[in-house]
Every structure is written in structure tokens, then in C-alpha cells.
Amino acid sequence: KTSDNQRLQSEYQNLLNGLIDQGLLDAPSNDIGLTSNVLSPDVLNEAVPGNIRRAEHFISFMKKIVEHLKERLRAVAGPNGGVQSETPLAFLHRLTNGTSLEAKPLRFAYSRLTSLLRTLQVSNLDDFRSLTDIADFATLLSTYSEGVAKFAIIMEPNASSIPGAVDPVIQLACLDSSLAMAPVFKRFGSVVITSGTLSPIDLYPKLLQFQPCVSESLNMSTFRPCIRPMVITRGSDQLAVSTKYEDRGDMGVVRNYGAMLVELCSVIPDGVVAFFTSYSYMESLVSEWDAMGILRELTKNKLVFIETKDVVETTLALDNYRRACDCGRGAVFLSVARGKVSEGINFDRHYGRAVIMFGVPFQYTLSHVLRARLEYLQTHYQIREQDFLNFDALRQASQCVGRVIRSKTDYGLMIFADSRYSRHDKRSKLPKWILQFLGDAYLNLSTDMAIEYSRQFLRLMGQPIDQAALQSVLLTIEEVEHMSLSSAEPTTSAGEGGAMITETTASADVTASAVAS
């Protein structure tokens, strides 16, 4: 306060000027109102409460919140504690009673802290990340405390994965994903939602709370069968393979998965990406494979790289994986569904000639956050628990295998290694652009059969590209210009909140746009 007194006083004056600009305070007769640049757009026409305008008052305010959260964590981790779940209103009620703070200032905690850090010209914001998280928590808690509880506060006595460590945690879990899309639907008259992994497409209107004007799932427009999805249900010894909980410890399944990876890597050139259902399952499999000598066999054909929870390590592993593919040595990258690699990394061309999905990537069903969300969806949107879990798992599986195809001339194998994928209730939830290539001949395969189909596919894709056939699925400049002229003609708006959902891949010739009307 002593060293930054002038800046703090200037900030306080700016807050007052902002209130004058909004007409909430009368301007002094000899003063000219200035445009406020410190009020958050989230509060627009609301005034920052007087009890947190001065920096020293706000710091005292935040200290009380921090002490209350510490007290709640100690209670949860104590001998009489345990997992607890509360609505934002109940949590807010206990906070205001325990600290004697008012609820309204909590809504401005995040924007007020951001303003203070900017005023003090703090260069390293990472030092204040924990405090920023608490301010963000307080703002969301106060903002969504009224009406139907769309958030849940989950308190767990130990969220640490390290045996013996105690790490109590308070989580603010969003239960309603429509909150994120509501401002988009409110602002624009027509919205197009398009992606390659929207199946089953009929669940999105329920989850995001809108009525689609058009809902369509499209085939991939291609001049050759550039992907070869296959479902492997059995190993070479005809033992069923699956990552179901009761089968995970079966050494026969572990051995078959390892042998499958080794045999596939021996016939597939360049890069191969393998996805597992979780970090813990991947680590246990790799450990068993090492003891069985499978990793040693695997390295005879390709170098092995593994995704970790550390972003720097994973980035370095990806760089080395690409180098191994570029030099012709070949590599296999072991990664996790819902991880960094499955969401934003492309394995185009020789970086990904095959993707192997070991298991069905269901969420951890004992998660308290997931249980709260499933209960919310069942109660408010009548979405059954199993329907949502299947939808989410198959969407993640599609997201993983879709890494392999990124352009018209690209090609690759998509291997679903789990007996459950052969069931119609699972398989039917895959996107249409995958199902169009997933014929009956590629279902319920053993490892030996999949190896033979892989050889045939790679031999076919290794032939020179037919340029005439390629041009037949691409738009010419004249056709694009004609489409541009046609789109300039008057059209009828879908009206307020109108939306269209389309499902397609990056390689299909479909152009999607959002038009504000």
C-alpha cells in the first residue's frame, strides 16, 4: 500500500468515474466523467459494491473467503468428514453466515482482483493463479446461486493419486452445458454447428437446449476408400479382448493386446498411434508388456513414445515421434483418450497410418462430478444415464480415430480393439462417415484376420493417386464462384434461435457458415 498508494488511489477514482458514467452517481460540478475501462463487461450496468472498491478492503474481503474455504477443507478431510455435495445456494448460505460477508460483492471478486493486479502492474500472474481461481469460484458461486442449481459443489477428502497423500479438494462442477451456448443462440438468428464427431446427433438439442431447423449427418465424399475401420474382438488364440473392468487383470487379454500391437506394427509402415482408456490402464499394460518382453519385440519394428500428464514431456515425445517417422525408422505413440493428443494433434500423412483404440473410453463412473451431472440430466432433460455414457464414450472414440484422416489424399486404418464395438448399440453411435466404410466383413475379426485386411488395404492405398478421380470430388474455381453468386440471392431466415447441425469430416466438400440475421 505504501509503495503503490498513487496507483491504488487512481484505480479507486477510476471506479468512481465508471459509476458516474453509468448514471449511478452524480458527477461533481467541476469534474468530467471518463469512460470506465476497469468494470467487467459481465456486470455491465451494475455497480462495484462500495465495500470492495478500496484495495485494502478488497484484500480483507478475500482473506475471509480464503479462511472459510480452508476451514471447509479441514472439515472434509477430518475424521468426521467425507465426500459432500452441496448446491451453490447452500454453499453460499454457509459462507455468508460463517464470514458475515454479503453475497453481492462475491459477484465482482474476479473482475475486482483482475483490476487490482493490473493496477499494481504485476508481471508474473502465475504467482496469483490460486487466488485468481478462488475469486473466479466466488464469482460463479454467487452468479448461479439462484433458480435451478446448474452447478454443484463437490467436496472430497482426498483427490490425490499418490498413496498415503491427503489432498482435500473443493470442485465447482458445471452440470448444464447449455450455459456455454446460450449466449451464441441469443445473439445470432442462425447458427450452424458442424463437426466430425457429433453422433448420435439427436442428443445435442437436448444437451444444448435448442430446436434444430435442419439436422443432417453426411457421408465422406472421397474418390477411394481412404479409411479402413475394423473391429477386432479376439486375439490370435480366439480369446475375446475387452477393457471391461472384470477383464482388465486377465493376463490373456493383456498378452493378446500386446501381441496385436506388435503384429500390426510389423506390417504398418511409418507412424502408428494407440489410444488407451486411461493413464492408469496404459501404465499397467505397458508395465506388463515390459515384463513379458513385448516392448522389446515392439522396438524391433518401431520406436516407442508415451504420452504423460506433463505437457512438456508430451510435446518433446511428439517431436521425437515425428522425427522417427520422417527418417523412415517408424514409431508408435501410446496415448490416452481425453488427453492432449486425442483432442488437438493431427497425425496426417505418414505420421498416422493407423490408429488403434484399445477399449471403449467410458468416463470413470464412480466420479462424484459425473454422478451429479448424470442425475441432473436425468431429472431435467430425461436423458438416461446409459444413453449419455454411451454417447460420450463413442464420441471420444471417434475423436481419437479421426486423427488419422486429415485430407482428400490421406489414408489410414482405424482399429477398434474391443469386443463391445461389435454390438449394434455401440457401433451404431459412430459417425456416418466411419460407418459407410465399416462393412460386415470388418466386424468381429481376430488379430490374424485384421493383419491380412491391413495388408490388402495398404497395398491398395500404395498405388499412385488417380488425379482424374481426385478432381471429380473437388470443386472447380468456376463452381465455387457460381455457389458464391447463388448464396448472394435473398434467403429466408430461420428466425431467432434457428440452428442447423451437420456432421462431416475435414475432407468432405461441405462449407459451413454462421449468419447473423
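The questions and answers below concern a predicted model of a protein chain.

Me: How many helices and strands does the protein chain have, and what share of its residues is buried?
Reply: In this predicted model, the residues counted as buried are those under 20% relative accessible area. The protein chain has 19 helices and 13 strands. Of its 517 residues, the buried share is 45%.

Me: Why is strand S11 described as largely enclosed by the rest of the structure?
Reply: In a regular strand the side chains alternate between the two faces of the sheet. In S11, Gly412, Met414 and Phe416 lie on one side, Leu413, Ile415 and Ala417 lie on the other, and all of them are buried, which leaves both faces covered. The strand, residues 412–417, is therefore largely enclosed, the count of buried residues being 6 of the 6.

Me: What geometry does the ring pair of tryptophan 289 and phenylalanine 358 have?
Reply: A search of the whole structure finds 18 aromatic pairs. For tryptophan 289 and phenylalanine 358, the ring centres are 6.3 Å apart and the planes stand at 65°, and because planes over 60 degrees apart count as edge-to-face, the pair is edge-to-face.

Me: How many residues apart in sequence are the parts that this pair of tryptophan 289 and phenylalanine 358 ties together?
Reply: Tryptophan 289 is buried at a relative accessible area of 0%, and phenylalanine 358 likewise counts as buried at 0%. Tyr257, Phe276, Trp289 and Phe358 form one aromatic cluster. Because tryptophan 289 belongs to helix H9 (residues 279–292) and phenylalanine 358 to strand S10, the sequence separation of the parts tied together is 69 residues.

Me: Which residue just after helix H4 takes a positive phi, and which residues of H4 are buried?
Reply: The residue just after H4 with a positive phi, about 55°, is glutamine 121. Within H4, 8 of the 11 residues are buried, so the helix is largely enclosed by the rest of the structure. The buried residues are Ala109, Ser111, Arg112, Leu113, Ser115, Leu116, Leu117 and Thr119.

Me: At what angle do helices H4 and H5 pack, and how do the residues of their contact divide?
Reply: Helix H4, residues 109–119, and helix H5, residues 129–143, have their axes 7 Å apart and pack at an angle of about 150°. From H4, Ala109, Tyr110, Leu113 and Leu117 meet Leu131, Thr132, Ala135, Asp136, Ala138 and Thr139 of H5. The residues of this contact divide into 7 nonpolar, 2 polar and 1 charged.

Terms used:
Residues are numbered from 1 along each chain as its sequence is written. This is a predicted model: local features need pLDDT of at least 70, side-chain atom pairs count only at pLDDT 80 or more; totals for chains, interfaces and linings use all residues. Side-chain values use heavy atoms; hydrogens and water are left out. Axes are lines fitted to C-alpha atoms, for helices over the stretch in contact, and angles run from 0 to 180 degrees between N-to-C directions. Helices (H or I, at least four residues) and strands (E, at least two) are DSSP runs, numbered from the N terminus. Contact means heavy atoms within 4.5 Å. Ala, Val, Leu, Ile, Met, Phe, Trp, Tyr, Cys and Pro count as nonpolar, Asp, Glu, Lys and Arg as charged, and the others, Gly among them, as polar. Buried means under 20% relative accessible area, exposed over 50%, partly exposed in between (1.4 Å probe, protein chains only). Rings of Phe, Tyr and Trp (its six-membered ring) pair if their centres lie within 6.5 Å; planes under 30 degrees apart count as stacked, over 60 as edge-to-face and the rest as tilted.
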